[in-house]
Amino acid sequence: MATTPDYQVNFPSRPKQASLRWDPRAPMYASADGRAASLSSEECVFLPHGSSEPHVMTVQVLHALDLCREFRTLDEHAARIESTLSDLAGKRDEIQRVLDSLVQRKLLVRDADFIARFNAVRAIDPIPLRAVFIRACDRPDRFSDLLASLVDYEQRHRANRRYVVVDDSVSAAHSDKHRDSLRNFARATGCKVSYVGRSESAKFVDRLSKANRSARDAVRAALLREAHPREQRFGGGRSRNLITLLSAGARLILLDDDLRLPLRRPGFARSGFDPNPASSARARFFSGMEEALDCGTEIDEDPFELHLRACGQSLGACLTGENGLSKEALRGLNLGQLYLLDPDARVVTSHHGSYGSSRSESTFWLYQLGDAIDREEFWHERERYERNVAAHFVLYGAARARVLEVPGFTPFTLDNSMLLPCTNPVGRAEDSLASALTRYCHPDSVALELPVAVGHVQESLRKRFAITHSVSPPRVNDFLREFVRRQFGLFKAEDAGQRMRLLAQVMRDLAGASVKDRVEYLREYRSHVHADVIERMQRQLETNTEAPVYWQADVRAIVQANAKALLDSEAAPRLAEWPQDIDAAGCAKALAEELDSMAQICEHWPAMWQYASEHSEKFLSSL
């Protein structure tokens, strides 16, 4: 353990845990993060995070405290300290007295006390639900299938919910089919429905622009296809921005047109909450779409209510009953890494897994499966492996409820009672960018994933395997997401609007850097991406020595391709949407344009959201 002038403690890697039989009846303890400052060569003062009470101790005790960061019994901690600190070898009684003192000073947190903080939080009355919003775009067949599943849902649960379709279709014929399907849905269910197509979007944009004329260009770029300089790109973010404004001040349910109910509980799903921040989702593989759509067990209760019970609540109020946090789940976890587990954290979004088509553009995640059963099912037999690696027919989801900092997929429910940020109106990965922006704007918020999955049937089979092995450059929104993540913890403004305006200036700062600095920034980002892939894949090779040779060959190919890209210092550091023949100067120019465009929207978004929170309900009612 070393100390720096600002008293930040940098913890070294942990030695291997001493072998000791665990008594499940004994309480477990863990030490929290803190800061230390030297008082002398033998003494220091330690200040736990979140506390103003300083604790004077010897450097040796501080080192012992550092060795207790995982939830273990006191006997286990004592054995570890004795085996690690040579000066304390054979002094178990002395170690025990030190540990008892640390418990009394509350520098060691007991498992029951950690869990009690969640049980003490009361549920709050939820804010109203504005509607179930559906993003639709030129997929009338998929849209019709989704509505058919929603008819079944309404007839079964008689929820009588309100549905709003936001249609970004280019084809007028497709828009007409969407309207016809929506009218048929309304007749079959009796539900109130609204259709927001291009003309309705233009009317809403006109109202927003008149209310804040200085934001006219930003409003149009955020919401209208023809107003954005890169309108030819995928526009899921454009529809999401519009939905966020139409639901401002309320909660919402969000669906895409290629989803379908019911929600299903995977066979690997279990009750309880998983607090491990390193836990990974589980997967199952199928030979065809029908088999995939029939997997798991359909949940009996209203699937929307299941998620709405969590959306907008504090995390503590959600970790009860089926999703309760148990003592056993904490065992071996580093308390300092459980920073997302704040009982008062607001659950801003809830999430689910999927069955059917994969929701990921690549299959890189398949090579990082954390469960031995999943890996065996993935790579067992070469013919099945070659089918599975395409990820056309899969089930992917969490085994237990868990919290996420920046989810990669579209949320199911969202609490928009306080400002939710915009996202880039164009480009893939718009939802993961929105997740990063949400965490940036509301650092006390979390996303909650439940162990259920929704059907996902895309209109065609995607070439995900080729994208994985060809080392396609990261996308613009991937870059923006990581750029936003770099800002986490740097700013203190409580107001989310102020944070967004500040972020706009940070984006403009990079956009205004020299060509050399912008190119260097892109190179650093690209190097980080490729180095991360190499490290992850090398770790998989070292861990899975029993894997089939064809799996190992593919992993090595991914490593080699990324190593080649990493070492190619002459290549232009382009992002995926930029021209393949672009040079370094062109990359710098493109980056500035991307940042300026996003900064303009971020700067004016708070005012747009505020106006929408006061008028969007009236607008929807008029449709």
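# Close-up views of a predicted model

View 1. Glu 381 sits in the loop that joins α14 (372-379) to α15 (382-388). This is a predicted model, and the view begins with the backbone here. Although Glu 381 is not a glycine, its phi is positive, at about 70°. Most residues other than glycine have a negative phi. The residue is partly exposed, because its relative accessible area is 44%.

View 2. Ala 429 belongs to the loop between β19 (413-415) and α16 (430-441). Its phi is near 65°, a positive value in a residue other than glycine. Ala 429 has a relative accessibility of 14%, so it counts as buried.

**View 3. A cis peptide bond in a strand.** Here we look at the link from Leu 261 to Pro 262, a cis peptide bond with omega near 10°. Most peptide bonds are trans. Pro 262 is part of strand β13 (residues 259-265).

**View 4. Helix α18 against helix α19.** Two packed helices are described by the angle between their axes and the distance between the axes. For α18 (residues 476-485) and α19 (residues 496-511), that angle is about 115° and the axes are 11 Å apart. The crossing of α18 past α19 is right-handed. On the α18 side, Phe 479, Phe 483 and Val 484 make the contact, and they meet Leu 503, Val 506, Met 507 and Leu 510 of α19. Sorted by class, this contact has seven nonpolar residues, no polar ones and no charged ones.

**View 5. Helix α18 against helix α22.** Now turn to another partner of α18. With α22, the packing angle is about 65° and the axes lie 12 Å apart. Here, too, α18 passes its partner in a right-handed crossing. Val 476, Phe 479 and Leu 480 of α18 touch Leu 591, Glu 594, Leu 595 and Met 598 of α22. The class count for this contact is six nonpolar, no polar and one charged.

**View 6. The ring of Phe 479 and its two tyrosine partners.** Phe 479 is in helix α18 and Tyr 521 in helix α20 (residues 515-543), so the pair ties together parts that are 42 residues apart in sequence. Both Phe 479 and Tyr 521 are buried. With Tyr 525, the ring of Phe 479 has a centre distance of 5.1 Å and a plane angle of 90°, so this pair is edge-to-face as well. Phe 479 in α18 and Tyr 525 in α20 are 46 residues apart, and their pair links distant parts of the chain. Tyr 525 is buried, as is Phe 479.

**View 7. The surroundings of Leu 591.** Leu 591 is found in helix α22 (residues 584-621). Its relative accessible area is 1%, so it is buried. What does Leu 591 contact once its neighbours within four places in sequence are left aside? The partners are Phe 479, Arg 518, Leu 522 and Trp 578.

**View 8. An aromatic cluster.** Ring pairs join Phe 285, Tyr 367, Phe 378, Trp 379, Tyr 385, Tyr 550 and Trp 551 into a cluster. A pair of aromatic rings is described by the distance of the centres and the angle of the planes.

**View 9. Arginines placed over aromatic rings.** Arg 359 lies over the face of Phe 409, at 4.1 Å from the ring centre. Arg 499 has its charged end over the ring of Tyr 440, 5.7 Å from the centre of that ring.

**View 10. Helix α8 and what covers it.** Which residues of helix α8 (residues 216-223) are buried? Ala 218, Val 219, Ala 221, Ala 222 and Leu 223 are. The elements covering these buried residues include α7 (198-211), α9 (236-246) and α22.

Technical notes. Residues are numbered from 1 along each chain as its sequence is written. This is a predicted model: local features need pLDDT of at least 70, side-chain atom pairs count only at pLDDT 80 or more; totals for chains, interfaces and linings use all residues. Side-chain values use heavy atoms; hydrogens and water are left out. Axes are lines fitted to C-alpha atoms, for helices over the stretch in contact, and angles run from 0 to 180 degrees between N-to-C directions. Helices (H or I, at least four residues) and strands (E, at least two) are DSSP runs, numbered from the N terminus. A crossing is left-handed if the near helix is turned anticlockwise from the far one by less than a right angle, and right-handed if clockwise. Contact means heavy atoms within 4.5 Å. Ala, Val, Leu, Ile, Met, Phe, Trp, Tyr, Cys and Pro count as nonpolar, Asp, Glu, Lys and Arg as charged, and the others, Gly among them, as polar. Buried means under 20% relative accessible area, exposed over 50%, partly exposed in between (1.4 Å probe, protein chains only). Rings of Phe, Tyr and Trp (its six-membered ring) pair if their centres lie within 6.5 Å; planes under 30 degrees apart count as stacked, over 60 as edge-to-face and the rest as tilted. A charge sits over a ring if NZ of Lys or CZ of Arg is within 6 Å of the ring centre and within 35 degrees of the ring normal.
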